[in-house]
Amino acid sequence: MIKKISGKGVGQHISHLEKDGEEITEYKDISNTLGESFANNSSSENYTQTFQQVTNKAERKRLNFKSKNLEKYNKKFTIKELNAALRKSHDTAPGPDKIHYQFIKQLPPSCLIILRDIFNKVWVSGKFPSIWREATVIPIPKPGKNATIPTNYRPIALTSCICKTMERIINDRLVWYIESNKLLTIYQSGFRKHRSTIDHLIRLESFIRESFVRGEHNVAIFFDLDKAYDTTWKYGIMKDLIDLGLRGHLPGFIENFLNDRT
């Protein structure tokens with residue numbers, strides 16, 4: 001109603017979908033059809049045959065994250081880290097556990113200590129709560145596309161706000177380790193503090209201006225990766241962490257986070 005009053009319009013209502021010339025109208029069937037479409041996007045069948053051979057061969061080797069956990073990034077969490085993670089959080093919709101960020105932010109100090117202790121128990125034991133593996137998936141129609149076609153939707157996954165709070169703490173430690181050890185190329189701008197795509201736009205503009213001054217030609221090649229996030233190779237992520245020298249609780253948590261999700 002507020003959106004209507006503001007003149008912003010409202011989200012599209014999915015009345016029916018079309019698949020193989022058939023009209024799908026029942027809500028359960030619509031949900032299953034969209035679920036199948038999202039699952040197909042994430043299927044390893046999208047990999048080339050050559051890459052499938054690479055993944056099959058690589059995944060036969062079990063990754064070893066064993067460590068005495070004496071590294072700085074494997075230490076137990078502090079209240080300071082928990083509060084910093086909560087300050088960074090935005091009031092997004094909760095996951096299947098229905099626990100909103102505002103619930104967590106309003107906790108008294110004594111309860112925050114209990115929450116920190118729960119995080120540390122998960123961290124040390126490696127036992128990942130099953131509810132944290134679940135997501136409520138909301139299908140969003142792609143702008144300007146036919147809303148009756150299942151492939152014209154993108155999924156938004158709503159996950160546990162408690163888990164996302166712990167994720168932020170771990171991400172801060174991971175970023176600290178990577179940046180302090182200078183493990184990323186200086187040219188990577190995405191997902192890094194004080195960097196953005198503007199860096200590359202300025203770099204490209206400088207190349208173009210220099211070419212004009214020198215009377216030279218400038219060639220640029222742009223790559224667009226189809227289904228980049230949907231088809232990310234999970235084992236490859238873990239292999240990268242091993243290659244970066246990470247061991248113990250941190251990569252163990254990430255491995256738990258990526259497996260058996262529904």
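**Helix packing and a ring pair, talked through**

Me: In this predicted model, helix H4 (residues 79-88) and helix H7 (residues 161-180) pack with their axes 9 Å apart, at an angle of about 110°. What makes H4 roughly perpendicular to H7?

Reply: Roughly perpendicular covers 65 to 115 degrees. The angle here is about 110°, so H4 counts as roughly perpendicular to H7.

Me: Which residues in H4 and H7 meet?

Reply: From H4 you get Glu81, Leu82, Ala85, Leu86 and Lys88; from H7, Thr165, Arg168, Ile169, Asp172 and Arg173. Sorted by type, the residues of that contact are five charged, four nonpolar and one polar.

Me: And why is H9 called roughly antiparallel to H10?

Reply: Check the crossing angle: the axes of H9 and helix H10 (residues 249-258) cross at roughly 175° and come within 11 Å. Anything over 145 degrees is roughly antiparallel, so H9 and H10 get that label.

Me: Which residues make up that H9 and H10 contact?

Reply: Lys234, Ile237, Met238 and Leu241 sit on the H9 side, meeting Pro251, Ile254, Glu255 and Leu258 in H10. The residues of this contact split into six nonpolar and two charged, with no polar.

Me: How do you know that the span of helix H8 agrees with its number of residues?

Reply: H8 (residues 197-214) has 18 residues, and at 1.5 Å a residue it should span 26 Å. Its end C-alpha atoms are 26 Å apart, so the two agree. Just after H8 comes Gly215, with a positive phi of about 70°.

Me: How many aromatic pairs are there?

Reply: The count is ten aromatic pairs. One of them is Phe51 with Trp233.

Me: What makes the pair of Phe51 and Trp233 edge-to-face?

Reply: Two things. The ring centres are 5.4 Å apart, and a pair needs them within 6.5 Å. The planes stand at 80°, and over 60 degrees is edge-to-face, so that's the name it gets.

Me: Which parts does the Phe51 and Trp233 pair tie together?

Reply: Phe51 is in helix H3 (residues 49-58), while Trp233 is in the loop between H8 and helix H9 (234-243), so the pair ties together parts 182 residues apart in sequence.

Me: What is the mean pLDDT of the protein chain?

Reply: The mean is 92, and 98% of the residues reach 70 or more.

Definitions and conventions. Residues numbered from 1 in each chain as written. Predicted model: local features only at pLDDT ≥ 70, side-chain atom pairs only at ≥ 80, totals over all residues. Heavy atoms only, no water. Helix = DSSP H or I, 4+ residues; strand = E, 2+ residues; numbered from the N terminus. Expected span 1.5 Å × (residues − 1). Axes fitted to C-alpha atoms, helices over the stretch in contact; angles between N-to-C directions. Parallel < 35°, antiparallel > 145°, perpendicular 65-115°, else oblique. Contact = heavy atoms within 4.5 Å. Nonpolar A, V, L, I, M, F, W, Y, C, P; charged D, E, K, R; others polar. pLDDT = per-residue confidence, 0-100. Phe/Tyr/Trp six-rings, centres within 6.5 Å; stacked < 30°, edge-to-face > 60°.
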